[in-house]
Amino acid sequence: MQRILGLAIATLAFSSLSGGPAAADAQGSMKVRIKNIGVDHFRSDQGRHRGLPIDVTALLTAARGAPAMVCALAANAIGNSGWGGWNDAPSTPLSAAKATMNDGDFESNPMPASDLQQLYTGLASEDRCVRELSVHLIGTQKAEVVGPELVSRLGSGDTALRAVAALGLGLVEAQSAIDPLIRTLRDGSVDVRANSAWALGRIENGRSLAPLVALFGDAAEKVRLAAVSSVGQMDDSTSSIPALVRVLRQDASPAVRRVAAWALGNLEAREGVTALIDALARDSDSRVREMSAWALGNIEDGRGVAALGAAIRGDAEERVRETAVWGLGNIGDRSAMDILAAATADRNPNVRGTAAWAIGNMDDEGAHAPPGLLKLLHDEDTDTRLKAAWALGQLEDASALPAIRDALKVEKNDRVRRALIRALMKSGESSQETLTQLLSSSDPQIREAAVRGIAGADSFDPWPWPWPRPRPFP
């Protein structure tokens, strides 16, 4: 009972410290281009939250011996801004039990020196939970305050202490630690090398680029993953593209190849398109193929259209087909319209819905709606019907009006009904009978949508916006 109580205390304390559990961001941190409204959509900035005063002694006492999973949740609740949707270092004291969570951007008030000393001591604790909580709490402080203490521990004879010190330096993004972290990339411990590579990726200083690329040949998968991810995060790492291509083509680990594909896509590396096409067509791991499809779509190079189309038609994995459909929609090549039209008949609702979105994202006003898109207005999946209705509004095809009217008569979902009304108005609906029915609806939102549509076809554009599913991420 005492252990469970300590667990609850730690979890509740950290949840209140960070303003409540962090909600996972459905869009991730990836950029998603929205062609029809001409903006880039990023993850919303939650801002920095000032922490409440905490009793460090009580928290670490409660943490000692607590179950690993709950302790991991408590540590994640503290925060520490992550990048790339991969907030945790390769090796933490609770790696085996810790679930990956997207933390909010948290910054604590400065801690008293006495509390910091307890936390520094906690870094060397034999109790993994104490080490985990200590480093995350230290990670909420300013780099200039805690950085020197963490750097000094990089030279410890204790492997676990060196690993957790590197983790802390990454959490606080200590620019002063670049050279010490570069040196520890040669450490004999896999965990120390991996955490040092991860930390340098968070710090994002170009001086670390060459040493990180050198780790692409490390014997440990964990180290290669951290190094490739860090390089893919760095804006000035275009010189590393040939090395990333070699990793994608040759690394024995599917996880590392997947992250290499992500890195090439995140860097929008046109030099990597051929390798990504090959990986999408031939890699034995579906996760690598999925990420390669995403990367081709994010790079927006027309050379990827044929490969994405082949994956849509022939890949056995629905996640690969769905992401390939998204890639075609993001590239916006109208020659792919027939491929997308065929994808509206895919057996998986996520693929069908994303195909509808992609057709609408072509922004091909006045084009005839494919028959498959009209059929999706009666799909069993609500989200698919929503995307189909939105896409028809984008096309503004007057010949689709009868199908839209028929769908509106039987549609029960409010969001889909409003999307259908939008499609009606943008497609040129002028039937007095239809307009009268809409304006006399008992649903005020239906009436509002009708009024907006009558006022002007673009008066509520781009509402409603049906986002496709989140991008894959390493």
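1. Asp191 counts as partly exposed in this predicted model, at 26% relative accessibility; the class lies between buried, under 20% relative accessible area, and exposed, over 50% (1.4 Å probe, protein chains only). Asp191 belongs to helix α9; helices (H or I, at least four residues) are DSSP runs, numbered from the N terminus.

2. Leaving aside neighbours within four places in sequence, Asp191 is in contact (heavy atoms within 4.5 Å) with Ser91, Ala163 and Lys222. With Lys222 there is a side-chain to side-chain polar contact of 2.8 Å. A polar contact is a pair of N or O atoms within 3.5 Å; within protein, one must be able to donate a hydrogen and the other to accept it, and residues adjacent in sequence count only if both atoms are side-chain atoms.

3. Ser196 also lies in helix α9, which spans residues 190-203. Ser196 is buried, with a relative accessible area of 0%. Its side chain makes a polar contact of 2.7 Å with that of Thr184. Not counting residues up to four places away in sequence, Ser196 touches Ala166, Leu181, Thr184 and Leu185.

4. The mean pLDDT (the predictor's confidence in each residue, from 0 to 100) is 83 for the protein, and 80% of its residues reach 70 or more. Over residues 1-51 the pLDDT is below 50, and this stretch has 104 contacts in the model beyond near neighbours in sequence.

5. On conventions: residues are numbered from 1 along each chain as its sequence is written, and side-chain values use heavy atoms, without hydrogens and water. In this predicted model, local features need pLDDT of at least 70 and side-chain atom pairs count only at pLDDT 80 or more, while totals for chains, interfaces and linings use all residues.

Conventions. Helix = DSSP H or I, 4+ residues; strand = E, 2+ residues; numbered from the N terminus.
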